Amino acid sequence: RRALAPSAVADMTTPSAVQALCGVGRVAPEVFAEHADFLTTYLTENYLHASIEESDMDTQRGAWTTPDSQQQQQQQQRPSAGVRHKAAALKALARALAPEAQAGQQLPASTCSVVPPFVQTLDRLLDLEDDLGDIGVESDTDGALMRGAAAKALLRLGLRHDSRIPPPVWINGALAMQDPMQEVRAGFGAKVASYVQLLTAA
């Protein structure tokens, strides 16, 4: 948690720290509950608005073995490193707040209490009319990644917190099936299908 000080929000180690702390929520919900409010506030009020530079590792992951002209075109179509990290954080937090259900297991009240403010953030990210420039979105590809991540995070929360998600937000999430970007429609549709299969098998 010390690694997630607001002053260090843009540090290259922050994405790993976010993933590690969210991972606790999936395996030890009672332990994560002590940090749920802090982490949700940190991600929604600090991390999403931080300017996150591309690290050497990001550059290596994004390397292409294609001719220079094609390489440049493909790189321009890729979401920025900062937006990729932020989308990954949304996914990780949603999974931490809605871990796989165990028989008879109830989530701590402190975890449940942070779901509504997180849902508000997701609702804003789903808004096609919001350019999201204040969180580093600079292209259609960036915006598509954030909308897709928000829609899938909402689905994940619905597994454990459906009653805490207002109907208008559910409608906004469902509109991802009509998103102008094919990647958003396909990703959301695949996630819906996987959750339907999961719920029917339960």
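With a relative accessibility of 2%, L132 counts as buried, the term denoting under 20% relative accessible area, against over 50% for exposed and partly exposed in between (1.4 Å probe, protein chains only). The model is predicted, so that local features need pLDDT of at least 70 and side-chain atom pairs count only at pLDDT 80 or more, whereas totals for chains, interfaces and linings use all residues. Residues are numbered from 1 along each chain as its sequence is written, and side-chain values use heavy atoms, with hydrogens and water left out.

L132 lies in the loop between helix 8 and helix 9, helices being DSSP runs of H or I with at least four residues, numbered from the N terminus. Its phi is near 55°, a positive value in a residue other than glycine; most residues other than glycine have a negative phi. L132 is among the residues touched by M146 (contact: heavy atoms within 4.5 Å), and the others include L48, V83, L90 and I135, residues up to four places away in sequence not being counted.

M146 is also one of the three residues, with L122 and L157, that touch the most other members of the largest nonpolar core, which has 47 residues; such a core is a set of buried Ala, Val, Leu, Ile, Met, Phe, Trp, Tyr and Cys residues joined through side-chain atoms within 4.5 Å. Two or more residues of this core come from each of helix 1 (14-27), helix 3 (36-45), helix 6, helix 8 (115-125), helix 9 and helix 11.
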